[in-house]
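Dear colleague,

Please find below the structure that I am handing over to you.

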Amino acid sequence: MNKIKLILQREYMTRVRKKTFIVMTILGPLLFGAIVIAPAWLATLEDTKTKNIAVIDSSHLFVNRLPETESIKFTYLENKKVEDVRQNFTDSEYYALLYITHLVANTNNSVILYSDQQPSLGVKGHISSAIEKHLEQKKLRAAGIDDNILQSVKTSVNLRTIQWTESGEEKESSTELAMIVGYIGGFLIYFFIFLFGAQVMRGVIEEKTNRIVEIIVSSVKPFQLMMGKIIGIGLVGLTQFALWVLLTLMIVSGAKSFVFPELGTPKAQEVTANSIMESSGGSANAAPFSPGQAGAEQELTENLQAAQIFNALGDINFALIIGVFIFFFLGGYLLYGSLFAAIGSAVDNETDTQQFMLPITIPLILAIIVLVNGISNPQGGIAFWFSIIPLTSPIVMMARLPFGVPEWQVLLSMALLVLTFMGTTWLSGKIYRTGILMYGKKVNYRELWKWIRYRN
Amino acid sequence: MDFLKIRNVEKRFVNHLALDDVSMTVPQNSIYGLLGPNGAGKTTLIRIINRITAPDKGHVYLKDRKIQMQDVFRIGYLPEERGLYKKMKVGEQALYLAQLKGMHRKEAVQKLKYWFEKFEIQGWWDKKVEELSKGMQQKIQFVTTVIHNPELLIFDEPFSGFDPINANLLKNEVLRLKEQGSTIIFSTHNMGSVEELCDHITLINKSRNILEGPIDEIRSRYKSNTYEIEYKGDGHKLESTLSDKYEVSGWRNSNGNKAVRIKLLQHTSENELLSLILPHVEVIGFRELIPSMNDVFIKVVNEVSHEGTPHS
């Protein structure tokens with residue numbers, strides 16, 4: 001045991017002190033942070049500059065009627081022609097010129113926005129919806145429908161989902177949130193296995209090509225060397241992961257207070273929550289920064305939704321998920337890590353690994369396919385079986401977990417995973433033991449089978 | 001006293017018998033040569049002694065006790081295929097290897113300092129291994145092999161990659177280690193260094209131990225009763241006096257004098273030969289020709305392969 005500790009220490013220390021580790025540790029959270037923050041930040045950037053839009057309204061329907069926002073202002077020009085504005089448009093303070101013809105109520109193409117640049121989508125959307133709404137109202141009124149009725153027909157349905165637990169409680173649930181948590185968990189395990197499994201393999205090949213391996217196995221058992229390496233690199237992975245989480249949290253909260261100075265008000269939190277949801281395609285809610293005519297209602301629904309999400313966040317059993325995550329994280333890594341070590345021992349250089357990588361890559365990619373497709377039906381047969389079979393279970397079970405998985409399934413999956421990784425470690429140990437001392441031999445599967453059968 | 005005993009060891013790989021009933025006895029405090037052509041099974045035997053692999057049959061005894069896992073701390077092994085972590089610093093790496101051999105960190109640091117000073121390589125401590133030349137790396141490897149004061153040292157082709165100066169340094173270190181009580185197993189193709197250093201040898205050929213014993217005894221076992229006579233005078237006269245009890249195997253010039261090699265047949269004694277030739281030439285030197293280890297090696301290995309081996 002003492003020797004495994006020594007080996008583990010070396011593996012850990014040499015990797016943690018490497019420049020690539022430090023760079024990755026800093027770069028990772030910056031990327032994560034950017035993914036979370038960027039959409040919201042971009043939205044604020046866009047809106048801070050006030051855009052003054054000149055309006056020439058031949059229909060006279062809209063004068064002083066277009067709703068303004070903090071950043072979109074309208075200036076109504078009377079008795080002017082488009083040509084007049086166009087002549088010295090670049091020097092004017094106008095962002096764009098909106099020309100509404102007198103046919104606006106009857107033809108589709110009768111509103112034109114002139115500009116010396118491509119007007120932003122936000123501006124376009126704002127103008128067209130304002131005009132549409134205004135015309136609709138006018139038409140409805142013309143048809144004799146009262147404003148009060150108009151107000152009362154406005155309907156908005158926000159579907160709340162509540163889960164009945166076995167113990168009879170009611171739980172506010174959020175399908176979107178469960179999906180996100182499931183995705184993140186599954187993908188993290190996938191990346192972890194590939195990233196650090198490949199490091200194990202490269203480490204073994206390095207020792208073999210350096211020819212230091214015979215010196216080391218004259219002091220320790222090959223199995224100890226293999227396990228020390230796998231565990232050491234696993235700890236490097238956990239360290240990196242922990243640092244990522246920590247730094248990401250720091251960056252996100254730091255950036256939040258920078259981008260949203262009104263941090264701490266529930267609105268700011270709700271906005272971030274919403275923009276997170278949007279960036280991952282979870283919710284199709286309206287843009288968070290458009291207070292205005294419909295703003296009040298929207299804000300109301302937003303508040304409600306945010307409240308639900310926070311309720312749901314509170315109801316997802318994070319302690320359980322993190323616990324199970326770490327278990328599958330390590331279990332999956334140990335299972336594949338030993339296989340990666342066996343491959344590394346069987347070859348003389350990295351280019352020879354291809355033929356042996358395939359059987360490792362296929363189940364992992366299969367698991368990701370099931371993760372992506374099966375997450376919409378987490379209790380279905382495919383998702384169930386792939387979350388039980390040990391080669392794919394670490395990834396698929398993580399995806400199912402936030403939706404609620406019966407205890408016996410989780411325990412069965414865990415037990416099978418432990419048994420399998422003990423099996424693969426034992427098998428890999430046998431291949432490893434022979435492989436590390438074998439040079440210049442083209443190895444195929446038959447050869448590996450022979451190595452497994454060697455007695456010692 | 002015997003330090004290491006190998007008894008009837010057999011090791012089979014799937015379609016190849018690497019060691020076939022090999023026994024050998026290494027006396028304590030001796031330098032023991034393990035000889036044999038490439039692929040004879042030497043490395044497999046060394047790996048069995050080091051407990052890197054286990055034999056299918058037979059046993060290894062260290063001082064009359066079956067060898068155990070913790071005995072690897074008493075062995076220092078310098079493999080033929082050797083290297084170091086290229087990206088690791090020299091001192092750190094040496095420390096790591098010493099600790100793997102069961103040394104405590106403090107003790108290892110002290111010992112390393114001693115050896116680094118002795119080899120005048122203190123300045124290398126913080127260098128990365130890849131910055132050193134091959135010969136320099138070999139020095140580090142030698143230090144890490146002996147750092148834990150092992151009772152048994154196994155050197156597999158230790159001199160390959162050394163320049164003559166460093167090879168000599170190493171040779172002296174090996175002899176000093178023997179003086180201090182270590183037992184040394186020495187595997188090499190360099191027969192010159194075998195004659196120079198070894199007390200005993202074993203010759204392994206095609207998985208079998210075909211020759212074992214003290215080196216002087218083996219060399220005299222293979223002597224062919226041939227004598228070299230340095231003389232002044234007429235060679236033809238000398239030759240004409242020899243009867244069919246003698247066979248001339250060669251002539252040569254030595255230090256300006258003439259010399260002849262004569263093989264004695266039919267149990268003739270040396271004195272008989274001398275008394276026969278003394279009247280005709282002036283004898284300056286007379287000595288028996290002992291075969292070099294190189295001759296013995298080639299002779300024995302060739303004999304075996306001519307016989308053909310049923311065991312391959």
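**The open sheet of chain B**

In chain B, 4 strands make up an open, antiparallel sheet in the order β12-β13-β11-β14. From one strand to the next, the twist averages 25 degrees. Helices (H or I, at least four residues) and strands (E, at least two) are DSSP runs numbered from the N terminus, and two strands pair if DSSP finds at least two bridges between them. Axes are lines fitted to C-alpha atoms, for helices over the stretch in contact, with angles from 0 to 180 degrees between N-to-C directions.

Please note that this is a predicted model, in which local features need pLDDT of at least 70 and side-chain atom pairs count only at pLDDT 80 or more, while totals for chains, interfaces and linings use all residues. Residues are numbered from 1 along each chain as its sequence is written, and chains are lettered from A and ligands numbered from 1 in the order in which they are written.

Within the sheet, β12(B) is joined by 8 bridges to the antiparallel strand β13 (residues 257–264) of chain B. B:W251 has B:V260 in β13(B) as its bridge partner. These two strands, β12(B) and β13(B), form a hairpin with 2 residues between them, and B:N255 in the turn has a positive phi of about 50 degrees. Strand β11 (residues 226–232) of chain B pairs with β14(B) over 6 bridges in the antiparallel sense. There, B:E288 in β14(B) stands opposite B:Y227.

**Chain B as a whole**

Chain B has 10 helices and 14 strands. Its C-alpha trace spans about 75 × 45 × 35 Å along the principal axes. The domain assignment, which is automatic or taken from a database, divides chain B into domain 1 (2–214) and domain 2 (224–288). The centres of these domains of chain B, taken over C-alpha atoms, are 45 Å apart.

Of the 312 residues in chain B, 35% are buried. A residue is buried if 20 or more other C-beta atoms lie within 10 Å of its own, exposed if 12 or fewer, and partly exposed in between, with C-beta atoms placed from the backbone.

**The contact between chains A and B**

Chain B contributes 21 residues to the contact and chain A 17 residues; two residues are in contact if their C-beta atoms, placed from the backbone, lie within 7 Å. On the side of chain B that touches chain A, helix α2 (residues 90–100) of chain B gives the most, with 4 residues.

**A buried helix and the nonpolar cores**

All 8 of the 8 residues of helix α14 (residues 393–400) of chain A are buried, so this helix is largely enclosed by the rest of the structure. Its cover includes α6 (175–210), α11 (318–346), α12 (354–374), α13 (381–388) and α15 (407–435) of chain A.

One of the buried residues of α14(A) is A:V396. In the largest nonpolar core, of 126 residues, A:A341, A:V396, B:I154 and B:F186 touch the most other members. The largest share of this core, 15 residues, comes from α11(A). A second, separate core of 15 residues includes A:I56, A:L66, A:I72 and A:L98. A nonpolar core is a set of buried Ala, Val, Leu, Ile, Met, Phe, Trp, Tyr and Cys residues joined through C-beta atoms within 7 Å.

Yours sincerely
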